[in-house]
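Here is a brief report on local features of one model.

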Amino acid sequence: MKRQLSVTVLGTVQVHDGTAPVDLGPSKQRALLALLALQVGENIPVGTLALALWGDDPPPSGSHLLHTYVARLRRALEPGSPRHARTNVIASSPRAYRLQLYADQVDLARFRRLAEAARELVRRDRRSAAFELLVAAVAMWTDPDLTDLRALLPGEEAVAALRREWVTACLDLVTLGLELDRPAEVLATAEHLAAAEPLHEAVQARHLTVLARTGRRAQALDRFAGIRSRLAAELGIEPGPELTAAHRELRDGPAARPAVPPPGCVASRPRSPWRGPRPGITDLIGRETDLARMTGLLADHRVVTVAGPAGCGKSALALAAARRVHAGYADGVLSVDLAAARTPDDVTREIRRLLRLPERGGLPRLLADRHLLLVLDNVDHLTDSCAGLVDDVVQVGRRVSALVTSREPLGLAYESVWRLSPLPALATGPDGVRGMPAVQLFARRAAQARPGFEVGAKEIGTVAVICGLLDRLPLAVELAADRMADESLDELLRRLDDPLTALRRPDRRGRPAHQTSLSAALQRSLDCLTPAERWCFVRLGALPRLFGLDEVDRVCGAAPWWRLRTSVVLDGLVAKSLVTVRHHAGRPTYAMLRTVHQFAARLLAGELGQYGGAPALPARVG
């Protein structure tokens with residue numbers, strides 16, 4: 001039986017049975033119990049537990065010791081049960097253990113539930129109710145410094161991340177207290193938080209405002225001078241916008257204080273900023289479902305990646321989704337186009353430039369106090385470094401989310417991936433072929449290229465064929481429609497026997513280089529492949545567009561990477577959106593878009609020089 005057990009980790013690490021404390025034994029056993037409690041209900045591998053207990057230098061008998069600790073904890077937690085039946089509290093699965101308690105039996109889980117409920121109430125504009133929940137959540141931290149937990153698990157990142165949750169909750173509480181004009185009720189929290197986070201600008205700004213609004217203006221001015229000196233000495237920076245605004249209120253006195261908007265008055269709240277490239281001025285066509293799903297993913301996940309083939313409209317969808325959720329981020333959206341970036345330093349340099357951040361100080365730390373949506377667009381050629389950057393930023397900045405566009409996912413464990421396909425083949429309304437999204441997109445773009453052009457009854461069939469030949473890829477459809485400035489539909493249709501040559505507009509303005517032609521977009525995909533993937537991709541041009549694994553083995557059987565299984569290399573091409581796969585009766589069937597297949601065939605024929613300027617691959621690789 002689990003009895004009336006309760007576990008605390010937000011102060012002294014201990015377990016109570018009702019009101020009676022349970023003796024958990026020596027420090028390593030207590031540390032093990034703490035590790036299990038930090039992820040209550042989840043299986044934690046034995047190797048992960050051992051690494052947290054002993055680091056990279058475990059004792060020779062480490063595995064045996066860990067099992068001994070578990071046995072002793074089980075005896076302490078279930079003293080009345082037979083030895084073989086003590087699995088109700090600490091359960092086991094192959095090579096893993098879990099703390100099998102209800103979430104509310106652990107103070108950390110209760111804190112997280114209250115904090116999340118408070119945020120949901122804020123989203124519904126029920127701020128007074130949210131304030132009460134946050135008061136209860138913050139009160140559960142009997143030791144915000146987590147002294148006992150740090151001593152038991154020195155250097156454990158989970159402990160540092162946990163303390164950042166306290167900082168976020170306290171900051172939310174103080175902010176709500178100011179919005180509700182209840183500064184005296186959050187004064188103690190603001191002071192404690194400011195002492196704990198001396199270089200956290202949002203924390204210090206809220207503290208100054210609380211001091212001013214509780215009649216301590218002189219103290220607040222002295223405090224600002226000290227903060228300014230410390231920022232200059234330790235980080236080499238001047239106070240940012242939040243601290244500057246708080247100081248302005250101090251300097252100008254209470255009369256300059258902005259009125260607190262009435263509940264529900266969204267229009268009167270400060271508008272969140274948008275930095276970097278913005279969405280297009282026209283609505284997306286045929287992406288209503290994708291846009292709705294993307295908005296939902298951003299509400300539930302802190303890292304979302306839009307992956308898909310070249311030219312399918314990943315950037316347009318991501319920016320449109322960011323526009324929908326823009327108002328929900330206090331510090332707005334930071335949109336960074338990395339199409340021209342060449343190194344990881346280019347990425348961080350562009351982020352610093354857009355946010356006007358100093359060159360000194362780690363980027364994750366500088367973003368730690370922001371409530372921000374970071375949009376990283378076109379990361380295909382820097383996937384690994386961008387994955388590392390995103391991981392660091394969202395781990396340190398607990399209110400920073402990331403939206404990424406790429407041919408392939410970042411590979412982060414907590415990443416949500418939305419696979420974007422070409423425009424739907426079916427009409428989205430009752431208008432038949434005229435309602436096909438690709439046809440609608442062609443008509444709109446052609447009318448821009450040739451004012452007065454309309455897709456009438458005579459033209460509709462030809463336009464539908466053109467869109468089909470281009471795989472309904474938005475980039476290809478738009479490039480084709482642009483040619484209507486100089487050509488007829490019949491002339492355009494004849495050109496599309498060779499779309500890699502026909503769809504080239506290097507003089508287009510306002511687009512990255514890889515979007516000025518279909519061949520340039522596909523060349524960029526090729527540049528992102530490993531040598532083995534590139535070798536295999538080129539030889540897929542010898543196969544039909546729909547093929548099986550046996551056929552791939554036939555054309556790639558003499559590969560120089562023969563130690564790798566063909567299916568492993570194909571998996572890489574699927575991940576990078578050059579090939580799709582379906583499984584039927586346990587057997588995979590692979591497919592390529594028409595334009596992608598044509599590109600592979602051209603490469604195999606040694607004609608790449610016409611399409612991307614790179615040297616042709618040899619016919620034989622020894």
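Four bridges join β1 (residues 5-8) to β2 (residues 14-17), and the two strands run antiparallel. Strands pair if DSSP finds at least two bridges between them. Helices (H or I, at least four residues) and strands (E, at least two) are DSSP runs, numbered from the N terminus. β1 and β2 form a hairpin, with five residues between them. Val 7 has Val 15 of β2 as its bridge partner. The covered face of β1 holds Leu 5 and Val 7, while Ser 6 and Thr 8 lie on the uncovered one.

This is a predicted model: local features need pLDDT of at least 70, side-chain atom pairs count only at pLDDT 80 or more, and totals for chains, interfaces and linings use all residues. Residues are numbered from 1 along each chain as its sequence is written, and side-chain values use heavy atoms, with hydrogens and water left out.

**Sheet and helices**

An open sheet of three strands has the order β4-β6-β5, with antiparallel pairing. Its edge strands, β4 (44-45) and β5 (90-93), each pair on one side only. Two bridges join β4 to β6. Ile 44 stands opposite Tyr 97 in β6. Contact means heavy atoms within 4.5 Å. Axes are lines fitted to C-alpha atoms, for helices over the stretch in contact, and angles run from 0 to 180 degrees between N-to-C directions.

| Helix | Strands | Angle |
|---|---|---|
| α1 (residues 27-38) | lies across β4, β5 and β6 | about 75 degrees to β6 |
| α3 (residues 62-77) | touches β5 and β6 | about 140 degrees with β5 |

**A helix pair**

The axes of α17 (residues 437-449) and α19 (residues 474-482) come within 8 Å and cross at roughly 35 degrees. Residues making the contact include Leu 441 and Phe 442 of α17, and Val 477 and Glu 478 of α19. By class, the contact has nine nonpolar, no polar and three charged residues. Ala, Val, Leu, Ile, Met, Phe, Trp, Tyr, Cys and Pro count as nonpolar, Asp, Glu, Lys and Arg as charged, and the others, Gly among them, as polar.

**Asp 104**

Asp 104 sits in the loop between β6 (96-99) and α4 (107-123). Why is Asp 104 classed as partly exposed? Its relative accessible area is 41%; buried means under 20%, exposed over 50%, and partly exposed in between (1.4 Å probe, protein chains only). The C-alpha atoms of Asp 104 and Val 7 are separated by 9.3 Å, at 97 residues apart along the chain.
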